[in-house]
Amino acid sequence: MPTTDGEYRLYRDLASWWPLISPPEEYAQEAAYLAEVLHSAATVPVREVLDLGCGGGHVAVHLKDRFALTLADISGDMLAVSRRLNPECRHLQGDMRTLRLKRTFDAVLVHDAVDYITTQDDLRQVVQTAFALCRPGGVAVFVPDYVKDTFGDLTGGGGGGTDAAGRQATFTEVTWDPNPADDWVQAEYEFTLRHADGTVDVVRETHRLGAFSRELWLRLLAESGFDPSADVGGPAMPGQRPDNLFAGVRPQLPRDTGHRPLSTTLIHMNDRRRLELRADCERCAALCCVAPAFSVSAEFAIDKAAGQPCPNLRADFRCSIHDRLRPSGFGGCAAFDCLGAGQQVVRGTFGGRDWRSEPELAAPMFAAFAVMRPLHELLWYLNEALALNPAEPLSGELDRAFSATERLTHCGPDELIAIDVDAHRREVNTVLLRVSEHVRERAGALGPDLRGADLAGKDLRQTGPNGTSPRSTGQRGTGRGGASLRGTGQGDRGRGGVSLRGASLRGALLIGADLRNADLRYADLTGADLRGARLAGADLGTTLFLAQPQLDSALGDSRTTLPPHLSRPLHWSHSSHRPPTPTR
């Protein structure tokens, strides 16, 4: 069955017929109902909404007067249809299973594009995407056409619209379930397309559509962190309720967590901090596009002096090529994350002022950003260390280090610029090193010391960094740069790659290194340079101190095992064994 946006003609070369096959006006009543659900179900005011799987924008056209919409879809042809209908909305191309943005929304709407998700693993990824892109207190709403509990064979049709050129389109469909034991049904479509010159094309397509149980929907919502419901809304609400609707509210951290078990409280606190310690470009003033210098390289297509705005920066502080950074030669920008430093400088240090409205602020603001970014990086590392739940006295030392670092981020501009960041980093790193050793030893995975090792470009599938067999046995090496990998084969799960389980790779140069199928469980990757590193099939599931920008600069695939709080980079899908999923 087709599994990519290119295989269904309806969303490719027939996309321009979509407004005639499924006219926008047919969505008005359901959109009115959904608007009320978005407002009433969230526990925060809803203004900014992500329409994930927007298709031709036929729901969005009825919502855009009530919300600030961002529209995302995997099909470029369908996005072109939506742009013509909704030119004032921001459009992004991406897979609803893997899309990650450097911001969150008050609400995420996943309409019937979710029908093209046909496996439980893919549905779990979609729900996790919605959770990642939904702010605390916000709501995610899912509107599948079919659920297993109530599915019945369907025969019908529709269309009938006529455009200005005189084209007309109608369709018939027969939807049935070849095997009630699985999670998908089959829809057989016949499209009759009458061109302006009177010629007629008849196109037949068979689509596979998801039909999951109500219980599975609610369970996946809960497992992903939402407070789930299938009973939002009611008959008193305006518009027409869709046949199936599931909603999840992303909880806000309670003010008083004293009644919670300590481990649960820490998990919620770590998650909240992870949300705060990531870029929110909507609340910044494009500091990363102006303050640093760029040099022509594999990551940057141009030279740019420090303090000079990037030529791709628009007047509204948005990037004019944000949706095509990598193909435009700006992979470094795509991988960069200020970890929340940008919005802290703009909103906190400078009270919402910006360098463009007040040019005299440019120099101090950029200098403040140069200090705030490493401070936020330290906060991120300290938060990750706390999430590892180390024993006392390490946990207390981490708490004190986090509080001290956080206080520095609240300094005024002059005081902030005067901070000796290197000295503070050395103090924090002393604690982080001890936590790393403690956690790896606790897991029985205290591997070789490869701190600062130059492994750039090395094929580690065949040999270790000093030319030894990647899975040979013997005494564990401890030297830097040329450390032996003998004895690191413990726990090797047969992936066929090098075993670096429990290794210290802090600051290691792994640029372009071949780590395919490597065992990197419990390896400490603090500050390791993974640009272009090949991670296909590698196990990073329990890797320590691995940051999202490191992943974004590397190359992996659908077999790469990641820690649960990190996201699979969108560009990895190009080398994945599993192609993207189409949307309606």
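**Note on the predicted model: ring contacts, cores and selected residues**

1. Lys304 lies over the face of Phe294, 5.1 Å from the ring centre. A charge is taken to sit over a ring if NZ of Lys or CZ of Arg is within 6 Å of the ring centre and within 35 degrees of the ring normal. Trp184 has a charge over its ring as well: the charged end of Arg208 is placed 3.6 Å from the centre.

2. The model is predicted, with local features needing pLDDT of at least 70 and side-chain atom pairs counting only at pLDDT 80 or more, while totals for chains, interfaces and linings use all residues. Residues are numbered from 1 along each chain as its sequence is written, and side-chain values use heavy atoms, leaving out hydrogens and water.

3. Aromatic pairs come to 16, where rings of Phe, Tyr and Trp (its six-membered ring) pair if their centres lie within 6.5 Å, and planes under 30 degrees apart count as stacked, over 60 as edge-to-face and the rest as tilted. Phe171 and Tyr189 form an edge-to-face pair, at 6.3 Å centre to centre with 65 degrees between the planes. Phe171 belongs to strand β7 (residues 168-176) and Tyr189 to strand β8 (residues 184-194), so the pair ties together parts 18 residues apart in sequence. Helices (H or I, at least four residues) and strands (E, at least two) are DSSP runs, numbered from the N terminus. Both Phe171 and Tyr189 are buried, that is, under 20% relative accessible area, with exposed meaning over 50% and partly exposed in between (1.4 Å probe, protein chains only).

4. Phe317 and Trp355 also make an edge-to-face pair, because their ring centres are 5.8 Å apart and their planes at 70 degrees. Phe317 is in the loop between α7 and α8, and Trp355 in the loop between α9 (341-349) and α10 (362-387), so this pair ties together parts 38 residues apart in sequence. Phe317 is partly exposed, with a relative accessible area of 22%, whereas Trp355 is buried at 9%. Elsewhere, ring pairs link Tyr8, Tyr11, Trp18 and Tyr116 into a cluster.

5. The largest nonpolar core has 53 residues, of which Val139 and Val141 touch the most other members. Such a core is a set of buried Ala, Val, Leu, Ile, Met, Phe, Trp, Tyr and Cys residues joined through side-chain atoms within 4.5 Å. Helix α2 (residues 28-41) gives the most to this core, with seven residues. Apart from this core lies another, of 31 residues, including Leu99 and Val110.

6. Helix α13 (residues 421-442) has 22 residues and should span 32 Å at 1.5 Å a residue; its end C-alpha atoms are 31 Å apart, which agrees. The expected span is 1.5 Å times one less than the number of residues. Among the buried residues of α13 are Val421, His424, Val428 and Arg440. Just after the helix, Gly444 takes a positive phi of about 65 degrees.

7. Arg103 is in the loop between β3 (90-93) and β4 (105-110), and is buried, with a relative accessible area of 7%. The side chains of Arg103 and Glu48 are joined by a polar contact of 2.6 Å; the term denotes a pair of N or O atoms within 3.5 Å, where within protein one must be able to donate a hydrogen and the other to accept it, and residues adjacent in sequence count only if both atoms are side-chain atoms.
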